[in-house]
Amino acid sequence: MLRVGGKMTCMACRNLVSNNMGVKVCIPLQKLHPLSRAIHHRYSNQQVPPHRTAARHISTMSRLPMRPPKPPPGSGGRGYQQQRNFWMLRLAARILRLRYIVLGSAVGGGYTAKKTYEEWKDLLPDFSEYNWVIPDYIWELSEQIDLEKLAKALPEMEEIAKLLPDMDKIGENFAFLKSLLSSGIVTGTSGLHLLLETASEPALKAADASAPASTEASDKQHKKSSDKEKLDQLQEELLRTQMKYQRMLERLEKENKELRKVVLQKDDKGIHQRKIKKSLIDLYSEVLDILSDYDSNYNTQDHLPRVVVVGDQSAGKTSVLEMIAQARIFPRGSGEMMTRSPVKVTLSEGPHHVAMFKDSGREFDLGKEEDLAALRHEIELRMRKSVKEGQTVSPETISLSVKGPGIQRMVLVDLPGVISTVTSGMAPDTKETIFSISKAYMQNPNAIILCIQDGSVDAERSIVTDLVSQMDPHGKRTIFVLTKVDLAEKNLASPSRIQQIVEGKLFPMKALGYFAVVTGKGSTGESIDSIKDYEEDFFQNSRLLRDGMLKAHQVTTKNLSLAVSDCFWKMVRESVEQQADAFKASRFNLETEWKNNYPRLRELDRNELYEKAKNEILDEVISLSQVTPKHWEAILQKKLWERVSTHVIENIYLPAAQTMNSGTFNTTVDIKLKQWTDKQLPHKALEVAWETLQEEFARFMAEYKGKDQDDIFDKLKEAVKDESIKRHKWNERAMDSLRVIQHNALEDRSITDKPQWDAAIQFMDETLQSRLKDTESVIQDMVGPDWKQRWMNWSSRTADQHIRNETKNELERLLKLNEEHTAYLANDEVTTVRKNLEGRGVQVDPVLIKDTWHQMYRRHFLQKALVHCNLCKKGFYYYQRHFVDAELECNDVVLFWRIQRMLMITANTLRQQLTNNEVRRLEKNVKEVLEDFGEDSEKKKHLIIGRRVQLAEDLKKVREIQEKLEAFIEALHKEK
């Protein structure tokens with residue numbers, strides 16, 4: 001028996017507690033399972049107290065009332081039998097009661113759930129008031145997007161499952177981890193065991209209960225290495241999944257940020273446009289950025305204030321600027337020139353210490369060393385990129401903004417250090433370029449000059465002081481800063497020299513104020529905080545301050561930044577309205593000039609004009625693809641014949657015509673055509689096609705010019721056309737297939753019908769007539785005007801023309817005597833002609849005789865060929881009989897038919913290649929060229945020029961400057 005609740009329980013109750021738990025517990029009777037209580041009450045002799053019956057839970061799941069004990073055998077059993085007859089009815093009644101309870105619970109639970117949902121729904125705000133936040137196109141997505149097609153386009157679940165991590169493997173690893181942890185038993189203070197059970201294993205026994213537990217511990221030790229590998233794999237897979245979704249979240253956050261920006265700035269449905277409020281110094285910096293690129297012809301110079309930081313090289317001016325900006329933002333070097341171009345730094349106060357370039361959206365966290373290193377590297381890259389080839393420094397300005405807590409608001413420009421000597425590796429004009437850049441910034445009458453002087457070197461070696469004295473002789477806008485005072489105090493024998501410098505008694509220059517600062521110990525790894533601490537400690541312990549040589553307000557970069565900021569804003573308030581009035585007057589002059597010179601034209605700047613020209617050029621390229629196939633083939637066939645006709649007549653037809661019979665003629669023609677096809681014809685055909693494409697492209701651009709074309713685009717269009725053609729490379733793989741097509745066309749001698757024969761006759765006649773006309777023109781130029789032209793035009797022959805005319809007459813007599821003469825004169829014939837001419841008193845050279853003979857024989861041959869061509873008009877009958885036993889042979893007509901058919905097939909092939917490939921590739925090249933030109937501002941300035949363009953550019957800049965100046969002045973007045 002086990003003692004429970006201070007009383008003895010039955011054996012059934014005791015069996016509910018495991019015998020092998022190793023502890024004795026006291027469990028109240030109320031904590032036992034209802035079945036255990038039933039067993040206990042049924043078979044125990046103890047009576048249940050009345051208060052237990054009242055406290056018993058009444059539910060349908062409670063045990064049924066127990067039957068009274070069976071009476072002894074001697075009592076007759078009457079009462080027992082009566083009770084047994086009705087127990088089934090009572091059981092059925094209780095089951096029916098369970099049904100009503102379940103039904104009532106369902107109805108009540110549903111009503112309660114509905115009421116809870118309505119209350120929760122009433123607590124939600126009315127989101128209909130915020131529908132304006134979502135753009136209209138979001139609501140129209142259902143109308144514009146076919147959701148069924150979108151659903152079909154989505155990947156299947158099997159494809160998505162391939163992208164997800166192996167969940168089975170992860171579950172297996174988790175199960176293994178759970179089993180690993182479940183092998184240990186944690187014993188609480190109450191003595192109960194906390195066991196981890198799985199679906200297939202019972203509760204584990206205590207580790208100290210039996211020997212098998214120690215065996216399991218030894219098995220775990222052997223599997224430790226494999227377990228570690230599984231855990232590492234699980235961790236790596238989880239990390240990869242986390243990285244994947246982190247990238248997706250970053251992309252979505254970026255898109256959400258852009259969408260919110262568009263929504264907030266959209267003025268829709270009467271909602272006013274929300275503008276991000278910019279700080280005063282940011283507004284001013286934007287004006288300076290625009291003015292840095294502004295070049296007006298109306299002498300509206302940029303006289304807005306800014307702080308110009310000048311000094312000798314390695315004097316510490318960059319370190320002073322970094323102390324004011326409270327970050328090591330500039331690249332550093334050991335004695336070499338690091339500042340190669342002006343750097344405009346806009347300082348402003350903000351909650352976070354960050355830096356950003358004006359043309360970039362990336363923020364550099366100046367509190368992180370990796371971002372600082374990236375910022376210094378980016379500044380160095382921009383400086384080197386701005387420097388042109390062969391130069392050392394550049395006048396291009398790099399704009400940078402720095403925000404942070406406690407930073408004084410101002411605009412500073414860090415200039416390249418002034419040098420006295422040009423060293424090796426520098427451009428010869430480096431010194432003069434630095435002087436010109438410095439003077440350009442300092443000659444602004446409202447610029448504050450921050451003159452940096454190295455205190456560790458002799459003052460007589462300074463160059464910048466003389467330059468500053470020239471630009472500001474009265475010192476009304478100059479602040480003098482002496483750096484490296486710690487080294488100066490240590491190295492100078494007379495500290496009073498430092499006092500003379502800061503009092504303005506040593507240098508001839510004058511200044512508004514004099515300051516002494518310390519910018520560190522010279523180590524590049526020092527932080528700004530450590531430099532500040534070192535500076536404060538130095539001046540607290542320095543006898544310069546202790547002996548009264550320096551005043552407290554003249555030391556530390558903190559006091560310097562405060563003084564420079566006050567001076568800067570004082571200058572801004574005094575001069576900004578005057579500058580705004582100057583730009584207002586300039587705007588009026590520019591607008592007046594535009595109205596007088598271009599009253600009917602819009603004021604389009606260079607970028608807008610470029611976009612307009614770009615659209616026109618693309619329209620012209622699209623028109624090129626609309627050329628009909630018939631037009632392409634006609635042009636290609638004509639140009640190809642013009643290119644190859646001389647070769648066909650001179651090298652194929654004339655040599656073959658000198659043969660004595662038709663067999664030799666055909667053999668000679670076949671050999672020469674084969675050689676021509678293998679070596680020259682395909683190349684000539686591709687050249688013709690490429691030239692035709694260029695000419696058609698140029699023709700369309702010229703025809704479009706008459707439709708309200710702006711002459712200002714001519715130079716741009718010509719450049720786009722030339723660059724596109726230069727980039728276009730003809731597909732050379734088509735040459736081999738074209739060679740085969742041409743060879744097969746020339747091999748075919750069959751003329752199927754009379755129209756084809758007539759077409760060949762006409763082609764031959766036109767060709768011979770054209771050649772004869774050209775030959776007559778050459779002969780006419782050789783012999784000069786005839787008697788009719790001499791009488792009509794009062795002209796005469798030259799001596800050379802007279803000799804050639806006599807030679808021509810002599811050669812004509814020779815041809816009349818022998819009409820079947822060969823194409824070449826024999827030497828004895830040349831001698832005979834020369835002697836006959838000498839007999840008439842004409843001295844002639846044999847070369848001139850041969851040259852004249854070539855033209856005379858050519859004319860003679862062409863005239864005979866034309867006669868033969870007319871005879872062959874009726875020779876189609878003999879051709880069908882293959883000229884067997886025929887008095888007329890027309891093999892030359894067959895040659896011209898072969899040439900004509902080759903021209904038609906070649907033109908058709910080239911047309912297909914043009915329309916299917918080359919025109920599209922040319923259109924693609926044009927688009928690429930336009931995109932490249934659009935990104936190159938220098939290219940656009942070179943191609944879109946003229947007073948109209950410059951005037952529109954100036955108007956746009958002046959208006960923008962004036963508007964921003966007025967906004968800045970308004971904000972400045974509000975701040976007052």
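Helices (H or I, at least four residues) and strands (E, at least two) are taken as DSSP runs and numbered from the N terminus. The structure is a predicted model, in which local features need pLDDT of at least 70 and side-chain atom pairs count only at pLDDT 80 or more, while totals for chains, interfaces and linings use all residues. Residues are numbered from 1 along each chain as its sequence is written, and side-chain values use heavy atoms, with hydrogens and water left out.

Two residues other than glycine adopt positive phi values. Thr556, in the loop between α21 (543–546) and α22 (557–597), has a phi of about 70°, and this residue is classed as buried because its relative accessible area is 14%, where buried means under 20%, exposed over 50% and partly exposed in between (1.4 Å probe, protein chains only). Gln326, for which phi is near 65°, belongs to the loop between α14 (317–325) and β6 (343–349) and is partly exposed, its relative accessible area being 23%.

Within the helices, Glu923 of α35 (residues 891–935) counts as buried at 19% relative accessibility and, when residues up to four places away in sequence are not counted, touches Val621 and Ile622, contact being defined as heavy atoms within 4.5 Å. Leu814, located in α31 (residues 799–817), touches Leu825 and Trp853 under the exclusion of residues up to four places away in sequence, and the C-alpha atom of Leu814 is separated by 9.1 Å from that of Glu829, 15 residues apart along the chain.
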